[in-house]
Amino acid sequence: MPLNIPILLTWLRVALIPLVVGVFYIPEHDMSRFDQGVASSLIFIVAALTDWFDGFLARRWNQTSAFGAFLDPVADKLMVAGALLVLVDLGRVDAVIAFIIIGREITISALREWMAQIGASKSVAVSSLGKIKTAAQMVAIPILLYGHSFINGVDTMVIGNWLLWIAAVLTVWSMFYYLSKAWPLIKKVQENKR
């Protein structure tokens, strides 16, 4: 396993996941719900920034590696899944939305794994649609973790839920996009097995 700054940033993101979740399990007499929301959303934002920064540094310093390519998306999916589960538990996100987003991540990860095994991983490379979906999620989740009104009474729950619904729609759309790109290869592999 290579050890460089981009990999360390990815490991930092993995280490921050339990903190995003754990903040909400601190007793309320030690930390108010408001403070929990602020702390968890700030931790999530730092983790999300490491996601962007580790990729940027890996490309810039030419420190990309197979291990980094494996760990980075795993860290992202764990971070999103952990935060969504907390939000479902807090009643801030509908379980169906969390299931759609987490289910898509599992499906596409499995598809990418299988496509890599048959030597066609470029067929399911990250698309701009997937990047827009990720951006909507990465904005929605810290807003929902914060869970309180902004200045002038702006309702974060409405904004966060709209963004998460947009992310869920893009999630389904991008899943079908990736599956449609892979479908000809899936058919070809099945035909070769006959």
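Buried means under 20% relative accessible area; exposed is over 50%, and partly exposed lies in between (1.4 Å probe, protein chains only). The model is predicted, so local features need pLDDT of at least 70 and side-chain atom pairs count only at pLDDT 80 or more, while totals for chains, interfaces and linings use all residues. Residues are numbered from 1 along each chain as its sequence is written, and side-chain values use heavy atoms, with hydrogens and water left out.

**Overall build**

- The protein has six helices and zero strands. Helices (H or I, at least four residues) and strands (E, at least two) are DSSP runs, numbered from the N terminus.
- The order of elements from the N terminus is α-α-α-α-α-α.
- The C-alpha atoms fill a box of roughly 65 × 35 × 25 Å, taken along the principal axes.
- Of the 194 residues in the protein, 41% are buried.
- Take the contacts between residues at least 6 apart in sequence: 74% of them join residues at least 24 apart.

- Helix 1 covers residues 5–22. Its 18 residues should span 26 Å at 1.5 Å a residue, and its end C-alpha atoms are 26 Å apart, which agrees. The expected span is 1.5 Å times one less than the number of residues.
- Its buried residues are Pro6, Ile7, Leu9, Thr10, Arg13, Leu16, Ile17 and Val20.
- An α-helix has 3.6 residues a turn, so residues three or four places apart point the same way.
- The axes of helix 1 and helix 2 come within 9 Å and cross at roughly 165 degrees. That makes the two helices roughly antiparallel. Axes are lines fitted to C-alpha atoms, for helices over the stretch in contact, and angles run from 0 to 180 degrees between N-to-C directions. Under 35 degrees counts as roughly parallel, over 145 as roughly antiparallel, 65 to 115 as roughly perpendicular, and the rest as oblique.
- Helix 1 passes helix 2 in a left-handed crossing. Left-handed means that the near helix is turned anticlockwise from the far one by less than a right angle; clockwise is right-handed.
- On the helix 1 side, contact residues include Leu9, Arg13, Leu16 and Val20; on the helix 2 side they include Phe44, Ala47, Asp51 and Leu57.
- This contact divides into 14 nonpolar, three polar and three charged residues. Ala, Val, Leu, Ile, Met, Phe, Trp, Tyr, Cys and Pro count as nonpolar, Asp, Glu, Lys and Arg as charged, and the others, Gly among them, as polar.

**Helix 2 against helix 3**

- Helix 2 (residues 33–60) and helix 3 (residues 66–89) pack at about 160 degrees, with axes 11 Å apart. They are therefore roughly antiparallel.
- The crossing of helix 2 past helix 3 is left-handed.
- Helix 2 supplies Phe44, Ala47, Ala48, Asp51 and Asp54; helix 3 supplies Asp72, Asp76, Met79 and Ala83.
- The contact has five nonpolar, no polar and four charged residues.

- Helix 3 has 24 residues and reaches 35 Å from first to last C-alpha, close to the 34 Å expected at 1.5 Å a residue.
- Just after helix 3, glycine 91 takes a positive phi of about 75 degrees.
- Helix 3 and helix 4 (residues 95–117) pack at about 165 degrees, with axes 10 Å apart. This makes helix 3 roughly antiparallel to helix 4.
- Helix 3 passes helix 4 in a left-handed crossing.
- Lys77, Val80, Ala81, Leu84, Leu85 and Val88 of helix 3 meet Ala95, Ala98, Ile101, Ile102, Glu105 and Ser109 of helix 4.
- The residues here are nine nonpolar, one polar and two charged.

**Glutamine 137**

- Glutamine 137 sits in helix 5.
- Glutamine 137 is buried, with a relative accessible area of 2%.
- It touches Val80, Ile101, Glu105, Pro142, Ala167 and Thr171, not counting residues up to four places away in sequence.
- Glutamine 137 and asparagine 192 are 55 residues apart in sequence and 39 Å apart in space, C-alpha to C-alpha.

Terms used
Contact = heavy atoms within 4.5 Å.
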